[in-house]
Amino acid sequence: MMCGAASATQPATAETQDIADQVRAQLEEKEKKKFPVFKAVSFKSQVVAGMNYFIKVHVGDDDFVHLRVFRSLPHENKPLTLSDYQTNKARHDELTYF
């Protein structure tokens, strides 16, 4: 992967699900609702001064959200941050930079 460029879309892993789970409360607070399902489906990553993760998450029925999560460099010892998100997504919507 080239520094600064996002990776190709990949199937979600256990690590991806863990990242999504760690920012779930942040999303639910911003959206003022609880999601009955929160299953990471796919992701892209981007090396910056840390790592951006773009994660497609199934949140119930035919509904999906796209998350942008920032992981700081290890020596900074900061929690994961939900940088941005997009709602009203469908399974077929491409995961892109936002």
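F98 is buried, its relative accessible area being 12%; buried denotes under 20% relative accessible area, exposed over 50%, and partly exposed in between (1.4 Å probe, protein chains only). The model is predicted, so that local features need pLDDT of at least 70 and side-chain atom pairs count only at pLDDT 80 or more, whereas totals for chains, interfaces and linings use all residues. Residues are numbered from 1 along each chain as its sequence is written, and side-chain values use heavy atoms, with hydrogens and water left out.

Three aromatic pairs are present in the structure. Rings of Phe, Tyr and Trp (its six-membered ring) are taken to pair if their centres lie within 6.5 Å; planes under 30 degrees apart count as stacked, over 60 as edge-to-face and the rest as tilted. One of the pairs, formed by F54 and Y97, is tilted, with 5.3 Å centre to centre and 55° between the planes. This pair connects distant parts of the chain, 43 residues apart: F54 belongs to strand β3 (residues 50-60), and Y97 to the segment after β5 (81-89). Strands (E, at least two residues) and helices (H or I, at least four) are DSSP runs, numbered from the N terminus.

F54 has 1% relative accessibility and therefore counts as buried, while Y97, at 54%, counts as exposed. The ring centres of F54 and F98 are 5.8 Å apart with planes at 70°, so this pair is edge-to-face.
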